[in-house]
Amino acid sequence: MGLNAPLALALQGGGSHGAFTWGVLDCLLSAGVRPAGLSGSSAGALNAAALAAGWAADGEKGARESLRTLWEGIGQINARLQPPWRSDGSFQGQTLRAVTQMVSPYQFNPAGFNPLRRLLGECLDWEALRAEDQMPLFIAATEVATGRLRLFQRHELSVDALLASTCIPTLFQSVEIDGRFYWDGGFAANPALLPLIDTASSSDLMLVQLLPEYTPGMPPRRVESVLQRSRELGFSAHLLRELRWLAVMQSDSGWLGRWSMSRLRRRVARLRFHHLDGGAAVTRQSGASPLNTDSVSLDVLHDAGQAAARHWLEVHAGSVGRRSSRALSDFGA
């Protein structure tokens with residue numbers, strides 16, 4: 001089903017699982033969605049930046065090409081890397097995961113090598129991306145010293161800002177920008193919703209979530225499962241808190257909140273919320289570790305994202321511009 005409508009997009013991080021979001025965006029764009037604003041953390045930041053740069057350069061076609069170039073480039077990087085950097089389901093990938101549990105990146109990667117740096121510098125149209133008259137764009141990073149959220153907006157974006165947003169501290173050295181050091185944006189916002197709600201040109205907001213909304217079989221009992229679940233909870237906490245706050249604010253505002261003196265209260269009262277939960281679909285894919293960046297795994301995730309978005313459009317496309325397709329109260333208000 002086609003959807004010719006503006007939609008603000010909030011894109012969660014999740015390592016290579018961001019290829020699922022690539023598939024979601026590919027489908028939404030081909031269905032006629034016009035991005036009204038973007039917010040992203042980690043892999044969500046890469047998707048947001050690639051979409052924004054491509055859209056600024058050549059609309060829907062440019063956005064889809066930019067996303068494909070990004071993810072195909074990530075797959076090609078993995079194929080060229082030497083052990084222990086190659087992150088797939090092979091012995092080398094297992095070695096990488098083991099190494100990051102024993103030594104810090106300052107020890108096993110003293111030169112600060114990041115394979116994304118060159119790719120991001122070459123594959124994104126930076127001149128178009130920084131254009132001031134384009135849609136709002138927020139890229140999240142976490143300041144290491146304070147734990148505070150840093151949001152890089154369009155005019156501030158650089159390769160370093162994207163590397164900061166994707167900086168997994170067990171893999172990469174912190175990224176220094178203007179004398180401050182940053183780690184992955186998912187620690188502080190995954191992704192940030194309020195700035196997008198306040199500035200987007202549409203009252204429709206879709207959250208594309210990669211971490212499972214519900215994980216069965218809890219509590220975990222094996223060490224690896226405990227560590228994985230603790231990471232998932234750490235990267236979900238701020239988002240859940242923000243969703244609950246929005247639910248309370250929208251409920252308290254009621255109908256009259258649409259005419260509040262507060263701009264933010266008006267925007268929250270008028271918010272139409274949409275949600276695409278990719279967590280279950282991602283975990284069903286073989287080799288679905290967020291460190292797996294081989295091209296086959298990325299293509300499988302992309303196809304799963306397309307399928308999920310097609311299903312969402314079949315069920316919920318009629319809600320966009322009219323009503324929420326997912327109640328904020330579902331998130332614990």
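Modeller: I would begin with F273, which is buried, its relative accessible area being 1%, where buried means under 20% relative accessible area, exposed means over 50%, and partly exposed is in between, using a 1.4 Å probe and protein chains only. F331 also counts as buried, at 5% relative accessibility. This is a predicted model, in which local features need pLDDT of at least 70 and side-chain atom pairs count only at pLDDT 80 or more, while totals for chains, interfaces and linings use all residues. Residues are numbered from 1 along each chain as its sequence is written, and side-chain values use heavy atoms, with hydrogens and water left out.

Because F187 lies in the loop between β6 and α8 (194–199) while F235 belongs to helix α9 (residues 223–253), the pair ties together parts 48 residues apart in sequence; helices (H or I, at least four residues) and strands (E, at least two) are DSSP runs, numbered from the N terminus. F187 is partly exposed, with a relative accessible area of 32%. The pair of F273 and F331 has its ring centres 6.0 Å apart and its planes at 85 degrees, so it is edge-to-face. It links distant parts of the chain, since F273 is in strand β8 (residues 272–277) and F331 in the segment after α12 (295–316), 58 residues apart. Elsewhere, ring pairs link W183, F187 and F235 into a cluster.

The next topic is the nonpolar cores. In soluble globular proteins, nonpolar side chains tend to be buried together. A nonpolar core is here a set of buried Ala, Val, Leu, Ile, Met, Phe, Trp, Tyr and Cys residues joined through side-chain atoms within 4.5 Å. The largest such core has 68 residues, and those with the most contacts inside it are L9, F20, L70, L120 and L162. Helix α2 gives the most to this core, with 14 residues. F273 returns in a second, separate core of 19 residues, whose members include A8, A10 and I197 as well.

S42 lies in the loop between β2 (34–41) and α2 and is buried, with a relative accessible area of 7%. D184, for its part, lies in strand β6 (residues 180–184) and counts as buried at 3% relative accessibility. With contact meaning heavy atoms within 4.5 Å, and leaving out residues up to four places away in sequence, S42 touches G13, S165, T166 and D184. By that count D184 touches S42, T142, A164, S165, T166, C167, I168 and F235, so that F235, a member of the ring cluster with W183 and F187, is named among the contacts of this annotated residue. I168, another of these contacts, lies in the loop between α7 (159–165) and β5 (175–177) and counts as partly exposed at 28% relative accessibility. The C-alpha atoms of I168 and D184 are separated by 5.5 Å, though the residues are 16 apart along the chain.

Finally, the whole chain gives these details a setting, for it has twelve helices and eight strands. Buried residues make up 52% of its 333 residues. Among contacts between residues at least 6 apart in sequence, 75% join residues at least 24 apart.

Terms used: Phe/Tyr/Trp six-rings, centres within 6.5 Å; stacked < 30°, edge-to-face > 60°.
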